[in-house]
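Please walk through the model below with attention to its sheet, its core and its aromatic pairs. The paragraphs that follow take up one residue and then widen the view.

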Amino acid sequence: MKTHVIFAVSVVALIVAFVVGGSYYKGKQAEKIGFMAQENAELFVREHSQTLGSDDAKVYLIEFMDPACETCAAFSPFVKQMMDANPGKIKLVLRYAPFHKGADYFVKILEAAKKQGKYWETLDIMYKSQRWWASHSNPQPQLIWQFLPKVGLDIERLQKDMNDPAIAKLIDQDLADAKTLNVRKTPGFFANGKPLQTFGYQQLQQLVQSELNANYPN
């Protein structure tokens, strides 16, 4: 009987420690960045999400993007300029919303490139070559393959890895989150969970700056 009692007490103690530890971690996250402590934080940042920037950044810029989206390509250098102007303060989180027909094909290439440590280089070459393969009137997705070797990718491995069923699942997850957050076109931006209400370069700059001012008052 005593053994059972000791075991039961130990189990309860472990559960309490787990709950307390979880609360402490969540509290630390809240101190670090407010919106990440919300119950719906995972709608913005998933475990598979590709990120750029410091883990200590207090401003999370979430972008629902489509590799075949011309506007996404146009905003990419603007976002990087904001990050460069505020070193260590902004963390970019990319989410997928491949709304263009067949755009999930390019997401699969990106995710396969990530396995080779060439994610950002591949996205950059995609945006730069986009006008050749992503024409809305005459899309030719196969043309992307003539540009990818410039990144230094193992093309044979890439073509194999892009068919991983896990990639299709993460695309479905991102699309589901985009729907929940009412993202209907790309790019769709959120700064610390706050949506960009009116679209434009200046409006995005103002949204990000407001979060910078709130989180870095000095």
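Does F75 count as buried or exposed? F75 counts as buried, because its relative accessibility is 2%, where buried means under 20% relative accessible area, exposed over 50% and partly exposed in between, with a 1.4 Å probe and protein chains only. The model is a predicted one, in which local features need pLDDT of at least 70 and side-chain atom pairs count only at pLDDT 80 or more, whereas totals for chains, interfaces and linings use all residues. Residues are numbered from 1 along each chain as its sequence is written, and side-chain values use heavy atoms, with hydrogens and water left out.

The protein chain holds seven helices and five strands, which from the N terminus on run α-β-β-α-β-α-α-α-α-β-β-α; helices (H or I, at least four residues) and strands (E, at least two) are DSSP runs, numbered from the N terminus. Of the 218 residues of the protein chain, 43% count as buried. Among its contacts (heavy atoms within 4.5 Å) between residues at least 6 apart in sequence, 76% join residues at least 24 apart.

The five strands form an open sheet with mixed pairing, in the order β1-β3-β2-β4-β5, where two strands pair if DSSP finds at least two bridges between them. Because β1 (50-52) and β5 (194-195) stand at the edges with a single partner strand each, one side of each is left without a neighbour in the sheet. β2 pairs with β3 in the parallel sense over seven bridges, and M65 has Y96 as its bridge partner in β3. β2 and β4, by contrast, run antiparallel and are joined by four bridges, with G188 in β4 as the bridge partner of F64. In β2, seven of its seven residues are buried: V59, L61, E63 and M65 point one way from the strand, while Y60, I62 and F64 point the other way.

A nonpolar core is a set of buried Ala, Val, Leu, Ile, Met, Phe, Trp, Tyr and Cys residues joined through side-chain atoms within 4.5 Å, and in the largest one, of 49 residues, L61, I109 and L204 touch the most other members. The elements that give two or more residues to this core are β2, α2, β3, α3, α4, α6, β4 and α7. Leaving aside residues up to four places away in sequence, L61 touches residues including V79, M82, I90, F189, L204 and V208. Another core, of 13 residues, lies apart from the largest one, and F44, V45, V93 and L181 are among its members. In helix α3 (residues 104-114), I109 is one of the buried residues, together with F106, V107, L110, E111, A112 and A113; what covers them includes β2 (59-65), β3 (90-96), α4 (119-133), α5 (155-161) and α6 (165-180).

The aromatic residues bring the account back to F75. Rings of Phe, Tyr and Trp (its six-membered ring) pair if their centres lie within 6.5 Å, and planes under 30 degrees apart count as stacked, over 60 as edge-to-face and the rest as tilted; by this rule there are eleven aromatic pairs. The rings of F75 and F189 have their centres 5.7 Å apart and their planes at 40°, so this pair is tilted. Since F75 lies in helix α2 (residues 70-85) and F189 in strand β4 (residues 188-191), the pair ties together parts that are 114 residues apart in sequence. F189 counts as buried, at 3% relative accessibility. The rings of F75 and Y201 are stacked, because their centres are 4.1 Å apart and their planes are at 10°. This pair links F75 in helix α2 with Y201 in helix α7 (residues 201-215), 126 residues apart, and Y201 counts as partly exposed, at 37% relative accessibility. F75, F78, F189, F199 and Y201 form one aromatic cluster.

In the loop between α6 and β4, where P187 is found, a cis peptide bond joins T186 and P187, with omega about -5°. N182 is found in that loop too; its phi is near 65°, a positive value in a residue other than glycine, and N182 is partly exposed, with a relative accessible area of 48%. N192, in the loop between β4 and β5, also has a positive phi, near 50°, but N192 is buried, with a relative accessible area of 8%.
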